[in-house]
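Me: Please walk me through this structure in short questions and answers. Keep it brisk.

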Amino acid sequence: MFKFRQLFQRRLDEEELFAVSWKIPSRLDIEIKESDGEYVAKIVSFKNDNVVTQAKTGQELVEMVNDALYSYLDIPSAYKERIGFFMPPESVREELKIKIPAKYLNTKVGLVKA
């Protein structure tokens, strides 16, 4: 049976996937600050560019950082799952679910490819 969403799904091109995967850094350093009850993250891995996002929770912030990264690098969303996402180390993940602890604010937090 033909599904409606198949009309709009982008087919994965293996050569393009290989090419865009080279854009992804092996490590992503972010700096987190708190402002007006929300968290703001700047990807400091790109020294000369301002790649910034914000969120209300730590968990949401990780998602937004990944979204900002893929947008900045102009990588189609169809390739996100195949390339992977950046996550904080497991020891940090539990702490980030609701509120980002003060020890992670205003310092670099390294995210690794999951």
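Me: In α2, which residues are buried?
Reply: This is a predicted model; local features need pLDDT of at least 70, side-chain atom pairs count only at pLDDT 80 or more, and totals for chains, interfaces and linings use all residues. Numbering runs from 1 along each chain as its sequence is written, and side-chain values use heavy atoms, with hydrogens and water left out. Buried means under 20% relative accessible area, exposed over 50%, partly exposed in between (1.4 Å probe, protein chains only). In α2 the buried residues are Gly-58, Leu-61, Val-62, Val-65, Asn-66, Ala-68, Leu-69 and Tyr-70.

Me: How many Å does helix α2 reach from its first C-alpha to its last?
Reply: Helices (H or I, at least four residues) and strands (E, at least two) are DSSP runs, numbered from the N terminus. The expected span is 1.5 Å times one less than the number of residues. Helix α2 covers residues 58-72, 15 residues, and its reach is close to the expected 21 Å. The value is 21 Å.

Me: What is the bridge partner of Ile-30 in β2?
Reply: Two strands pair if DSSP finds at least two bridges between them. Strand β1 (residues 27-35) and β2 pair in the antiparallel sense over 6 bridges. They form a hairpin with 2 residues between them. In β2, the partner of Ile-30 is Ile-43.

Me: In β3, what is the bridge partner of Tyr-39?
Reply: β2 also pairs with strand β3 (residues 52-55), in the antiparallel sense over 4 bridges. The β3 partner of Tyr-39 is Ala-55.

Me: What is the angle between the planes of Phe-18 and Trp-22?
Reply: Rings of Phe, Tyr and Trp (its six-membered ring) pair if their centres lie within 6.5 Å; planes under 30 degrees apart count as stacked, over 60 as edge-to-face and the rest as tilted. The structure holds 2 aromatic pairs. Phe-18 and Trp-22 form one that is edge-to-face, at 5.9 Å centre to centre. The angle is 80°.

Me: How many residues apart in sequence are the parts tied by Phe-46 and Tyr-72?
Reply: Phe-46 and Tyr-72 form a tilted pair, 4.6 Å centre to centre with 40° between the planes. Phe-46 lies in the loop between β2 and β3 and Tyr-72 in helix α2, so the pair ties together parts that are apart in sequence by 26 residues.
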